[in-house]
Amino acid sequence: MGSQGTGVYQVKVTLSGIRPPIWRRLLISPETTFQDLHRIIQIAMGWRASHLHLFQAADGRLIGDPAEDEDDMMGFRDETRLLVGSVLKREGQAIKYEYDFGDSWEHQVKLEKILPASDGGQLPHCIKAVRQCPPEDVGGVHGYYEFLNAMQDPAHLEHEGVMEWWGGVFDPEFVSLEEINQLLPERDILFAESDVDALPPVHFCGLSPGQMHELLQSPLHCPSVFKPLINAKAVDRELDTAPILQMAKALIKELGEKGIRLTGKGNLPLKQVKAMIDAAGEDVVVPFAGYGSVRSEEDILGVQLTRVLLELAGYTRKQKGRLLLKKAAAKRIHTKGWLTLYQDMLAATFSEFNWAWMDHYDGLDDIQTVGPFFLWLLAEKGGVWLPVDGCINDMLAAFPQLPLSAHSRPYASEEQQTRWVLDSRVIRLFRLLGLIELNPERVLFREEGEQRLRRTALFEGVFAKA
C-alpha cells in the first residue's frame with residue numbers, strides 16, 4: 001500500500017441501482033480536485049455535463065460547485081479547491097457522486113488501491129469500462145428500465161418512439177474504452193463554459209451518438225447504420241473490382257493442394273508476386289511502379305496485405321517453408337463461394353488486422369479506432385467524386401482529438417502527420433479492399449490535392465444505409 005495521499009489512486013465508479021452493474025475503473029492523482037474528478041467521471045461514464053452535480057463524503061460533507069449554491073444553503077465545500085486525496089485517504093473509503101438531481105443518478109466512488117507513482121502512466125486513465133451509461137433525461141433508474149424494455153421489444157407500443165428518440169439501436173453492453181481515453185486529456189477544453197455540451201463531438205454527418213457507438217464497435221454488424229447484406233448475387237458480380245480479392249484468387253489458385261515454397265526470407269517467389277500484381281492491376285497495387293522495379297514481395301504493400309488478411313481470416317498457414325491453403329478453407333470457398341472469402345477478409349480487417357502495419361508510422365493508433373466512420377462518410381457523401389482532402393477534413397472534424405496522439409516532429413505538425421496517416425491507412429486500405437476508387441489512381445508529389453474518390457458499386461452492395 002502506498003502512503004496516505006500519495007502515489008496513484010485506483011478508483012472504481014459504479015452507477016447505483018442498476019443491474020447488471022455499470023462501472024468504470026480509473027487511475028487518478030490524489031492531487032486531483034473534485035471539480036476535475038467531476039469532469040473525469042462525466043467523460044468516463046458518458047454523461048454530457050448538462051445537469052447539476054455534487055459529492056457527499058462519508059461524514060456527510062457536501063462538495064460541489066459554489067456557483068450552484070449561491071445562497072450557501074447547501075454549505076458546499078468548494079470543489080475547485082478541495083483535493084480528492086484530502087477526503088479519500090485509505091483504501092476502501094468511498095464517497096457518493098450525484099448527477100442530475102431530477103433523474104438522481106447516484107454513483108459510488110471507491111478508492112480501491114493506492115499504487116506507487118511509477119504505476120500510473122498518463123493520468124487520468126480509464127483501465128476498465130463495463131456497460132454503457134443510460135441516456136440523458138431518460139427518467140432515472142425506473143425510466144431507464146422502461147426505456148430498455150421498449151428498445152428491446154419490437155412489439156412494444158413505445159418501441160418506435162424510443163428508437164427515434166435515441167436515434168437508433170441502444171446497446172447497453174457497448175462502451176468504448178478507447179474513446180474515453182481519447183477524451184480525458186481534452187476535458188478542460190470540453191468543459192469550457194462556451195462548450196459544456198461538447199461531449200461527445202457532434203460533427204458526425206447525421207449519425208447519432210448511439211449509431212456512432214454501434215458503428216465503431218462493430219462496423220460489419222451495425223443494423224441501425226447499415227442493412228445486413230441482402231442481395232448477395234448482385235454483390236458477387238462486383239467482387240472482382242476489389243484488388244484484394246483479385247490478388248487472393250491468384251494466390252489461392254497457385255497454392256492448390258501442395259502450396260508454394262517460400263523464399264529463404266519467407267516471401268512469395270517473385271513470379272507469384274508479379275502474377276498477383278497483374279491480377280489486380282499495376283496502377284492500384286504498385287502506384288509508384290515507375291520509380292523502381294519490383295524485386296521482392298516486401299516491395300509491394302498490396303501483396304503483403306493479401307497474405308496477412310488470408311492468414312488472419314484462417315485460410316492459410318506456413319509449414320516447413322511452404323505456404324499452404326488449409327483444407328477446411330478450400331472447402332469453405334468451394335461450398336460458399338468468393339463472397340464468403342471477401343467477407344472473412346473484411347472481418348479480419350476490422351477486428352484483427354493492425355492498421356499501423358500499413359505505414360509502420362509510430363503513433364496515431366487511434367485512427368484505427370475511428371476508421372469505421374469513413375464507411376459512413378462514403379455512404380452519406382461518396383456517390384459523387386469528392387476531394388480526398390475534403391474527406392480527411394471530415395474525419396478531423398468528427399474526431400478533433402486525433403492529432404493529440406501524434407509525436408512532436410520538426411518537419412511536420414501533428415495535424416499534418418494525422419493527414420498523412422489517414423491517407424496511408426484509411427484511404428489506401430479502403431482502395432485495396434475495393435470500397436473506393438481514386439481519380440487519378442496515383443498522383444505526383446505536391447499534387448495530392450487534385451486526387452478525388454468515390455464509393456464503388458461493391459461498397460453500395462455491402463454497406464447499404466439502414
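Contact here means heavy atoms within 4.5 Å. By that rule, and not counting residues up to four places away in sequence, threonine 263 touches Leu268 and Pro269. The model in which these residues are placed is a predicted one.

**The loop around threonine 263**

Threonine 263 lies in the loop that runs between strand S9 (260–261) and helix H9 (270–280). With a relative accessible area of 36%, threonine 263 is partly exposed. Serine 296 is 33 residues away from threonine 263 in sequence, and the two C-alpha atoms are 9.8 Å apart in space.

**The chain as a whole**

The chain has 18 helices and 14 strands. Taken along the principal axes, its C-alpha atoms fill a box of roughly 80 × 55 × 45 Å. Of the 466 residues in the chain, 49% are buried. The chain exposes about 22,500 Å², and carbon and sulfur atoms supply 50% of that area. Among contacts with a separation of 6 or more, 68% are between residues 24 or more positions apart.

**Helices and their buried residues**

Helix H3 spans residues 159–166, and His159, Val162 and Trp166 in this helix are buried. These three residues cover an arc of only 75 degrees around the axis, which puts them on the same side of H3. An α-helix has 3.6 residues a turn, so residues three or four places apart point the same way. The face of H3 turned away from the buried side carries Glu160 and Glu164, which are exposed. Just after H3 comes glycine 167, with a positive phi of about 95 degrees.

Helix H15 (residues 373–381) is mostly covered, with 7 of its 9 residues buried. The buried residues of H15 are Phe373, Phe374, Leu375, Trp376, Leu377, Leu378 and Ala379.

Helix H1 (residues 34–45) contains histidine 38. Is histidine 38 buried or exposed? Histidine 38 has a relative accessible area of 8% and is therefore buried, since buried means under 20%. Leaving aside neighbours within four places in sequence, histidine 38 is in contact with His53, Phe55, Tyr97 and Phe191.

**Where H11 meets H17**

Helix H11 (residues 301–312) and helix H17 (residues 414–432) have axes that come within 11 Å and cross at roughly 75 degrees. That angle makes H11 roughly perpendicular to H17, because angles from 65 to 115 degrees count as roughly perpendicular. On the H11 side the contact is made by Leu301, Gly302 and Leu305, and on the H17 side by Arg428, Leu429 and Leu432. By class, the contact of H11 with H17 has 4 nonpolar, 1 polar and 1 charged residues.

**Backbone details in the loops**

| Peptide bond | Form | Omega |
|---|---|---|
| leucine 123 to proline 124 | cis | near -5 degrees |
| asparagine 439 to proline 440 | cis | about -5 degrees |

Proline 124 has its place in the loop between strand S7 (105–115) and strand S8 (125–130). Proline 440 is in the loop between strand S13 (436–439) and strand S14 (452–455).

Positive phi values also occur in residues other than glycine. Aspartate 137 is a residue of this kind, with phi near 60 degrees. Aspartate 137 is found in the loop between S8 and helix H2 (140–152). The relative accessible area of aspartate 137 is 46%, so this residue is partly exposed.

Histidine 360 is not a glycine either, and it has a positive phi of about 55 degrees. Histidine 360 has its place in the loop between helix H13 (338–351) and helix H14 (366–370). Why does histidine 360 count as exposed? Its relative accessibility is 61%, and exposed means over 50%.

Note on methods
Residues numbered from 1 in each chain as written. Predicted model: local features only at pLDDT ≥ 70, side-chain atom pairs only at ≥ 80, totals over all residues. Heavy atoms only, no water. Buried < 20%, exposed > 50% of the residue type's maximum accessible area, 1.4 Å probe, protein only. Helix = DSSP H or I, 4+ residues; strand = E, 2+ residues; numbered from the N terminus. Arc of directions from axis to C-beta. Axes fitted to C-alpha atoms, helices over the stretch in contact; angles between N-to-C directions. Parallel < 35°, antiparallel > 145°, perpendicular 65-115°, else oblique. Nonpolar A, V, L, I, M, F, W, Y, C, P; charged D, E, K, R; others polar. Areas by Shrake-Rupley, 256 points an atom, 1.4 Å probe, with all protein chains shown as cover.
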